[in-house]
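Please keep the structure in view while reading.

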Amino acid sequence: MFGNTKKVAQVIAAGLGTGEDIRLAKVNTITPQDTTALDLLIVGSPTHAWGPTEAIKAFLGSLQPNLLSGVRAAAFDTQYRSRLSGSAAKKIEKALRRQGCSIVAPAIGFFVTGGEGPLAEGELDKATAWAKQILDAWPPRDTEGPGS
Ligand SMILES: Cc1cc2nc3c(=O)[nH]c(=O)nc-3n(C[C@H](O)[C@H](O)[C@H](O)COP(=O)(O)O)c2cc1C
C-alpha cells in the first residue's frame, strides 16, 4: 500500500540474481497460469489485520490444488515489530505448503517503524541475507551438485 513491501521484494529479487528468469510482479498482475513451470516462488505481503492482504488471499485461493506441487517457495511480510503484529508470512507459507510447495527458507517478517513505513534500519540488509539463504538452498532439485 505504501511501497515498503515492494522495496523489500526488489531487494530480495536483486539478491537472487539478475536476468530475465527472475520476475517481480504485483499480485494483481499475475494469473495462476503464470505460476506453472516455476523453479521458485516467493510471495510477500504487508501484514493487514494479522494476515495477508485480500489480494494475496484471493491469489492463493485461486490456485488449483497441487498446481505448485514440488515448486520451491518462501514467504515474507512487512509488519510492526510487536508481539501483537501477527504474521502474513506464516499464513502464506502455510497456504504454499498446502499447495505442495517445498519451503526453502522460513517465513520472515521485515519491520516498519510506522503504518506507512519507513522500514526499520537494517531490514533491507536482512532481506539480502534472506535471499542468500534461499540461494544457499540451491541448486534446483533436478540438478546434481558438483562432484555428485
Ligand atoms: C488496514 C491495515 C491493517 C494493518 N494491520 C496490521 C497488523 O495486523 N499487524 C501489523 O504488524 N501491521 C499492520 N499494519 C501495518 C502494515 O503492516 C504496514 O502498513 C505495512 O507493513 C507497510 O507495507 P506497505 O508499504 O507495503 O503497505 C496494517 C496496515 C493497514 C493499512
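## The end of helix H1

The model shown here is predicted. Just after H1, Gly17 has a positive phi of about 140°.

Helix H1 covers residues 4-16, which is 13 residues. At 1.5 Å a residue it should span 18 Å, and its end C-alpha atoms are 19 Å apart, so the two values agree.

Which residues of H1 are buried? They are Asn4, Thr5, Val8, Ala9, Ile12, Ala13 and Leu16. An α-helix has 3.6 residues a turn, so residues three or four places apart point the same way. The cover over the buried residues of H1 includes strands S1 (40-46), S2 (72-80) and S4 (108-112), together with helix H4 (123-136).

## How H1 packs on H4

The axes of H1 and H4 are 8 Å apart, and the two helices pack at an angle of about 40°. Because of that angle, H1 is oblique to H4. The crossing of H1 with H4 is right-handed.

On the H1 side, the contact is made by Lys7, Val8, Val11, Ile12, Gly15 and Leu16. On the H4 side, it is made by Leu124, Ala127, Thr128, Trp130, Ala131, Ile134 and Leu135. Sorted by class, the contact of H1 with H4 has 10 nonpolar, 2 polar and 1 charged residues.

Thr35 lies in the loop between H1 and S1. Is Thr35 buried or exposed? Its relative accessible area is 2%, under the 20% cut-off, so Thr35 is buried. Apart from neighbours within four places in sequence, Thr35 is in contact with Phe59, Leu63, Leu67 and Leu68.

Ser69 sits in the loop between helix H2 (54-62) and S2. Not counting residues up to four places away in sequence, Ser69 touches Gln99 and Gly100. Ser69 and Arg98 are 29 residues apart along the chain, and their C-alpha atoms are separated by 9.1 Å.

## Backbone exceptions in the loops

Most residues other than glycine have a negative phi, and most peptide bonds are trans. Ala49, in the loop between S1 and H2, has a positive phi near 50°. Trp50 is also found in the loop between S1 and H2, and its phi is positive, about 65°. Ala49 has a relative accessible area of 65% and is exposed; Trp50, at 54%, is exposed too.

A cis peptide bond joins Gly117 and Pro118, with omega about 0°. Pro118 lies in the loop between S4 and H4.

Notes: Residues are numbered from 1 along each chain as its sequence is written. This is a predicted model: local features need pLDDT of at least 70, side-chain atom pairs count only at pLDDT 80 or more; totals for chains, interfaces and linings use all residues. Side-chain values use heavy atoms; hydrogens and water are left out. Helices (H or I, at least four residues) and strands (E, at least two) are DSSP runs, numbered from the N terminus. The expected span of a helix is 1.5 Å times one less than its number of residues. Buried means under 20% relative accessible area, exposed over 50%, partly exposed in between (1.4 Å probe, protein chains only). Contact means heavy atoms within 4.5 Å. Axes are lines fitted to C-alpha atoms, for helices over the stretch in contact, and angles run from 0 to 180 degrees between N-to-C directions. Angles under 35 degrees count as roughly parallel, over 145 as roughly antiparallel, 65 to 115 as roughly perpendicular and the rest as oblique. A crossing is left-handed if the near helix is turned anticlockwise from the far one by less than a right angle, and right-handed if clockwise. Ala, Val, Leu, Ile, Met, Phe, Trp, Tyr, Cys and Pro count as nonpolar, Asp, Glu, Lys and Arg as charged, and the others, Gly among them, as polar.
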